Amino acid sequence: MSSPPRTDVPSLQASAGQLPLHGRVAIVTGGAGGIGEAVTTHLATLGARVVVAYIGDPAPAEQLVASLNSAAVPGMGTRAIALCADVSDPAQVERLFDAAQAAFGPNLHILVTAAGVQDAAYPAIADTEPEQWDRAFAVNARGTFLCCRQAAQRLVRGGGGRIVTFSSSNVASLRPGYGAYVATKAAVEAMTKVLAKELAGTGITANSVAPGPVATPMFYAGKSEERVKAVASQCPMKRIGEPTDVAPVVGFLCSDAAGWINGQVILANGGYI
């Protein structure tokens with residue numbers, strides 16, 4: 001059973017033609033929760049039609065899509081669809097891109113890879129089981145690779161093509177307990193920079209966003225209240241980030257205004273690192 005539409009999704013105040021991402025199609029993996037949900041909502045508010053890729057319980061994705069479509073500007077048609085896809089599976093990633101083209105036409109413009117996992121036990125490298133290491137790489141690194149591979153083949157050429165991957169400020173902070181997670185995100189950063197060079201001449205940019213601590217279920221998992229307060233105190237802004245702090249950074253990178261930003265890792269952490 002579908003969940004009732006949300007009531008907190010921003011409506012589009014401008015006409016469709018005035019929106020910076022009007023006419024563009026975006027795929028957001030992990031797009032129904034945490035930072036991914038905020039990114040999905042923000043891109044739709046900028047005029048993009050969005051494919052929300054999720055795994056597991058379909059209710060959050062269905063609720064988000066219903067809210068986005070109910071807030072559509074007249075004449076825009078469907079703003080969003082949801083699709084279950086395991087990003088570590090090449091066949092499912094290919095079907096994700098096929099579904100996006102079937103729903104919104106052959107021209108795909110934007111990929112945002114927000115799907116990710118982190119071990120809430122925060123094991124030291126010496127205590128990390130191979131299965132834990134493999135799971136982190138399957139989603140965070142392999143999943144990003146498989147999606148970027150499809151995007152490099154399918155996104156429009158000549159302008160407007162945007163790939164935004166997700167790294168983490170932990171790559172810079174190198175905190176104990178994040179060994180496998182940081183390794184996956186370092187791989188994502190390196191791959192994104194190589195991809196930007198490989199896409200030379202296509203007009204497609206590839207950048208990575210590296211958030212610091214953000215108030216999401218993944219961040220809170222396994223942390224005590226004291227630990228959360230300590231993390232907040234270490235940020236010059238004296239708070240934990242919100243998904244809505246990160247989404248506009250992604251939105252900017254997806255816009256024409258960011259056409260000269262390519263092959264970069266953008267830290268979005270309030271000065272935490």
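Is alanine 48 buried or exposed? I shall return to that residue after an overview of the chain.

What we have here is a predicted model, in which local features need pLDDT of at least 70 and side-chain atom pairs count only at pLDDT 80 or more, while totals for chains, interfaces and linings use all residues. Residues are numbered from 1 along each chain as its sequence is written, and side-chain values use heavy atoms, with hydrogens and water left out.

The protein chain has 9 helices and 7 strands; helices (H or I, at least four residues) and strands (E, at least two) are DSSP runs, numbered from the N terminus. Its C-alpha trace spans about 55 × 40 × 35 Å along the principal axes. For 273 residues a compact globule would have a radius of gyration near 19 Å, and the 18 Å of the protein chain agrees with that. The radius is taken over C-alpha atoms, and the globule rule is 2.2 Å times the number of residues to the power 0.38.

Of the 273 residues, 51% are buried, where buried means under 20% relative accessible area, exposed over 50%, and partly exposed in between (1.4 Å probe, protein chains only).

Let me turn to the interior. A nonpolar core is a set of buried Ala, Val, Leu, Ile, Met, Phe, Trp, Tyr and Cys residues joined through side-chain atoms within 4.5 Å. The largest one holds 32 residues, and Val39, Leu43, Val112, Phe166, Val209, Val250 and Cys254 touch the most other members. Among the elements that give two or more residues to this core are strand S1 (25–29), helix H1 (34–45), strand S5 (162–166) and helix H9 (243–253). H1 supplies the largest share, 5 residues. A second, separate core has 28 residues, including Val87, Phe97, Val139 and Ala152.

Now back to the opening residue. Alanine 48 lies in the loop between H1 and S2. Its relative accessible area is 0%, so alanine 48 is buried. Neighbours within four places in sequence aside, alanine 48 is in contact with Leu21, Arg24, Ala26, Leu43 and Arg79. How far apart in space are alanine 48 and alanine 151? From C-alpha to C-alpha the distance is 16 Å, and the two are 103 residues apart in sequence.

Note on methods. Contact = heavy atoms within 4.5 Å.
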